[in-house]
Amino acid sequence: QVQLVESGGGLVQPGGSLRLSCAASGLHLDYYAIGWFRQAPGKAREEVSCLSTRDGYTHYGDSVKGRFTMSRDNAKNTVYLQMNDLKTEDTANYYCAADTNNVVLCHRAHPLDFGSWGQGTQVTVSS
């Protein structure tokens with residue numbers, strides 16, 4: 001059974017940093033494209049980043065470019081999202097997702113393309 005478990009969320013002041021983790025069981029993360037998404041209340045789920053397994057290409061949403069970095073530790077079967085210079089508008093529930101349908105193209109990743117999802121971790125940026 002595929003399971004993705006996010007952790008690392010919390011309350012942070014503007015300008016601060018957090019590192020989110022997504023630990024997988026039931027699948028090898030290095031076999032699939034992996035995405036980070038976020039959803040704020042009343043808003044659509046949006047892509048934060050997507051890591052392609054084919055060539056290691058990582059795509060970032062425009063709002064997080066230069067501030068967030070996605071990485072993967074194959075030995076731990078875990079992906080990370082390092083978030084720096086956090087802003088109040090980054091407040092959302094953050095989800096990781098795996099492309100278990102094998103259809104994702106990271107440069108145009110869409111939530112509906114991802115077959116497996118974690119339960120999310122809340123990030124709140126506030127002074």
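Counting bonded cysteines along the protein chain, the disulfides follow the pattern 1-3, 2-4. The model is predicted: local features need pLDDT of at least 70, side-chain atom pairs count only at pLDDT 80 or more, and totals for chains, interfaces and linings use all residues. Residues are numbered from 1 along each chain as its sequence is written, and side-chain values use heavy atoms, with hydrogens and water left out.

**Exercise 1.** Find the disulfides (pairs of cysteine sulfur atoms within 2.5 Å) in the whole structure.

*Solution.* 
Step 1. A search of the whole structure gives two disulfides.
Step 2. One of them joins C22 to C96, with an S to S distance of 2.0 Å.
Step 3. In the other, the sulfur atoms of C50 and C106 are 2.0 Å apart.

**Exercise 2.** Assign the handedness of each link.

*Solution.* 
Step 1. The S-S torsion of C22 and C96 is about 60°, so this disulfide is right-handed.
Step 2. For C50 and C106 the value is -60°, and the link is left-handed.

**Exercise 3.** Is T78 buried or exposed, and which residues does T78 touch?

*Solution.* 
Step 1. Buried means under 20% relative accessible area, exposed over 50%, and partly exposed in between (1.4 Å probe, protein chains only).
Step 2. T78 has 8% relative accessibility, so T78 counts as buried.
Step 3. Contact means heavy atoms within 4.5 Å. Not counting residues up to four places away in sequence, T78 touches S21, C22, A23, L29, S71, R72 and D73.
Step 4. Among these, C22 is also buried, at 1% relative accessibility.
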